[in-house]
Amino acid sequence: MKSLLKRYLQVAVIATGVCAPVALSAQTKDLTQYVDPLIGTAHSRWFFFTPGAAPFGMAKPAPSTNGSYGNAGGWEAVGYDYRHTSIEGFANFHEFQVGGVVFAPITGKLQTIPGKMEKPEDGYRSNFDRKDEYATAGYYSVMLKDYNIKAELTASPRVAFHRYTFPAGKESHILFDIGNKQGESGEVKDAKVYMTPDGRIEGYVITRPVYVLKYQPDAEVAMYFSAVVDKKPDSFGIFKGEQTTAGQTESSGKGAGLYLTFTTKDKEAISIKAGLSYTSIANARLNLQSEASTMTFEQAKAKSHNQWNEYLSRITVESPKKDDMVKFYTGLYHSLLGRGLASDINGAYPKNDGSVGQVPLNKLGKPQYNHYNTDAIWGAFWNLTQLWAIAYPEYYSDYVKSQILIYKDSGWLADGIANSKYVSGVGTNFQSLAIAGAYAVGIRDFDIATGYAAAKKNELDGKDRPRGAGKLDVAQFVEKGYVPHIDNGKGFVEAWQFSSSHTLEYSFSTYALAQWAKALGKAEDYKQFYRLSKGWQHLFDPELKLMHPKTADGKFIDNFRPSQAWRGFQEGNAYQYTYYVPHDPDGLIGRIGKDRFNSRLDSVFILSQKQAFGGGTKIDAFAGLEGLYNQGNQPNLHIAWLFNYSGKPSLTQKWVRAICDEFYGTEGIHGYGYGQDEDQGQLGAWYVISSLGLFDVKGLTDSKPSLGLGSPLFNKVTIKLNPKYYKGKQFVIEAKKGSTTNSYVKKFTLNGRVLHAPFMSFADLTKGGKLILDMSATPTDKY
């Protein structure tokens, strides 16, 4: 398949009439040139492809190819797929379990249903060609072939901008398809759309997403909008399905929609600015007024472009390899895209109980922090939180405050939230570990006492625990030190099916709380948490040298097949989860034996390389679940870095580079593996930090966190440090004579001091300075 980078450069030349920039030094360049949002869009999640969005934005306008098809399980790939050839419209909300408010431009006969991909002509969808499509950070455009309409998208944080350039004609329409399901949003409960006397188009849609119903059955998700169209229509009307009523200005209920009809000149552009909100139409209107009242499409596009460059330039890298630059900045882009705003410009936010809350205001009357939607943070300590801590500590701080807000409102930390409603996803809950990690790296401008109380409750309390808080079996873990296995349980599967993976996960998160308790001088808590952190030892089978589920009577289960997924292990198997002791790698290596550990783990990667370190070329999020290693899913993401602890750092350098080169691609189908589950930036963030040669298997949870060191893919890396949180201005990593051939580190020198082990403290990074790596073609394990 042709590289998407090449296609991007060709389109850029056509669009601008000048030679597109291809210089590889990113130090002073437009870094969005290396962002290609189309990478990995085959079989991608609803929230994955939103090129029009601002960093961490609420407004995420994007094209849909099959968003109207819905999502029976609540998590499957839906929305935009690289393999599809028609677009049905442009939805403005894209988050985990949140989606809707579709705008669509058409010409000719008025059609008000999207139709199916097999017969685009039966609906308002349109065919398109890849050569007429362009996507980068903060901007998207495409030519809708069936209508000869150019559609363009961009956004400010809470306002979506659409610009549609029509051909000449008297039947140019814009549809506001509001009352139908989109993506992961679930069935529509209610909707309304209307046109005000001054021409605004406003409304809302209330949905019941699958995961909201699963974890908080009486809850729902509401989305509000207030849109301004910059041209007065000739006529208008409403619709439900294929039924239209001309001249009416209001439609309500499931399926509600409204249309505008214009007479247009050739290449006449009509723009829409849509303020969005999760609390009310009034706040959607306020968000529009505050962020974009006088802003044009071009101004919004330029502002978004500048904001993306500011965020991307927090880490600048230099390499002679184009693909590495594209993978890096596209991965960084995805890391900054998900988990978007849920609070309004005035600090209003949707509460867990369905009411509207208020983020506290500062002395200037501005919200002290933002509130965010978030998928489960399962595995994010091996990618996102490390990246946030290094380059975006202000967002990490906001994220922690946002989670504490949920605790204050509902009494529990929530594994994942959609408009503050519980959407656990995986049945565990690592929010307490994320909060502890923030404290450990020095991000402490949050309510520490309440944060600690929330985290402690999350780790220990099983009484009356709501399903959406995860850890439904935590009481058993606290009582026995492990979660006993049963093959056929009753009720929610999270309460019984994942005994072993939960034991390992809870062992890790209680270790994080032990370190935090120790730092706070809470001696008794420290003792309890530290004891529980040893829970993994209950499951270690000394004969097989594998994790082995154990029943309540202390016996290992019979008919044990280590490659079997889902029997005691969430989205993985015993081969993969045996290495899930990130907080005590020395203990695990000691139990297995260092030589055996190294030979076995090296063999795992030798064999897994044949399957592209995941599920091979099979396009399926769960393709690698029964393999020895699966880069496409969270439980495995630290494993390649364990050789740093076993005396073989050269193998960490070898295999991390191989994963970066082979699992990650630059094409629509081969992007993050083949159709693997990117989970709101997690796989992208893993590439970013791993390609820098920095990674902490403990997720920055030690009382004095350190970073494992590897082999950077880049000749030079410059990390800008946030002066609000850190003393240093920047940290530089320089790989001398680094290349594809010289891929091993011969010597580490930190600020003139030789390091004799492949580790450095996180504090040394935040003080600023330089890490110099002397590179070689020969593996070295002694420093």
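Phe103 is found in strand 4, which covers residues 98-107, and with a relative accessibility of 0% Phe103 counts as buried. The model described here is predicted, and it has 783 residues, of which 66% are buried. The points below move from the overall fold to the two annotated spans, and then to individual residues in each region.

**Overall form**

- The protein has 19 helices and 35 strands, and its C-alpha trace spans about 80 × 60 × 55 Å along the principal axes.
- A compact globule of 783 residues would have a radius of gyration near 28 Å, and the 26 Å found for the protein agrees with that expectation.
- Among contacts in the protein with a separation of 6 or more, 70% are accounted for by residues 24 or more positions apart.

**Surface and charge**

- The protein exposes about 26,300 Å², and carbon and sulfur atoms supply 51% of that area.
- There are 88 positive and 77 negative side chains in the protein, and the centres of these two sets lie 5 Å apart.

**Residues 34-277**

- An unreviewed UniProt entry places the feature "domain: Glycosyl hydrolase family 92 N-terminal" at residues 34-277.
- This span is 2% helix and 48% strand, and the C-alpha atoms at its ends lie 31 Å apart.
- Not counting residues up to four places away in sequence, Phe103 touches Gly89, Phe90, Asn92, His162, Tyr164, Leu175, Phe176, Phe225, Ala227, Ile272 and Ala274.
- The C-alpha atoms of Phe103 and Glu88 are separated by 9.4 Å, the two residues being 15 residues apart along the chain.

**Residues 283-776**

- The annotation "domain: Glycosyl hydrolase family", which comes from an unreviewed UniProt entry, covers residues 283-776.
- Over residues 283-776 the chain is 38% helix and 12% strand, and the end C-alpha atoms are 58 Å apart.

- Phe569 has its place in the loop between strand 25 (546-547) and helix 14 (574-577), and Phe569 counts as buried because its relative accessibility is 1%, where buried means under 20%.
- When residues up to four places away in sequence are not counted, Phe569 touches Gln497, Phe498, Ser500, Ser501, Met547, Pro549, Ala574 and Tyr577.
- Phe569 and His502 are 67 residues apart along the chain, while their C-alpha atoms are separated by 7.8 Å.

- Most residues other than glycine have a negative phi.
- Glu571 is not a glycine, although it has a positive phi of about 50 degrees; Glu571 lies in the loop between strand 25 and helix 14, and Phe569 has its place in the loop between strand 25 and helix 14 as well.
- With a relative accessible area of 10%, Glu571 is buried.
- Ser420 likewise has a positive phi, of about 70 degrees, although it is not a glycine, and its place is in the loop between strand 22 (417-418) and strand 23 (421-422).
- Ser420 counts as buried because its relative accessibility is 0%.

Key:
Residues are numbered from 1 along each chain as its sequence is written. Side-chain values use heavy atoms; hydrogens and water are left out. Helices (H or I, at least four residues) and strands (E, at least two) are DSSP runs, numbered from the N terminus. Buried means under 20% relative accessible area, exposed over 50%, partly exposed in between (1.4 Å probe, protein chains only). Contact means heavy atoms within 4.5 Å. UniProt positions are given in the numbering used here, feature names are shortened, and annotations may be inferred rather than shown by experiment. The radius of gyration is taken over C-alpha atoms; the globule rule is 2.2 Å times the number of residues to the power 0.38. Accessible areas come from the Shrake-Rupley method with a 1.4 Å probe; for residues, only the protein chains shown count as cover. Lys and Arg count as positive and Asp and Glu as negative; His and the chain ends are not counted. The place of a charge is taken as NZ of Lys, CZ of Arg, CG of Asp or CD of Glu.
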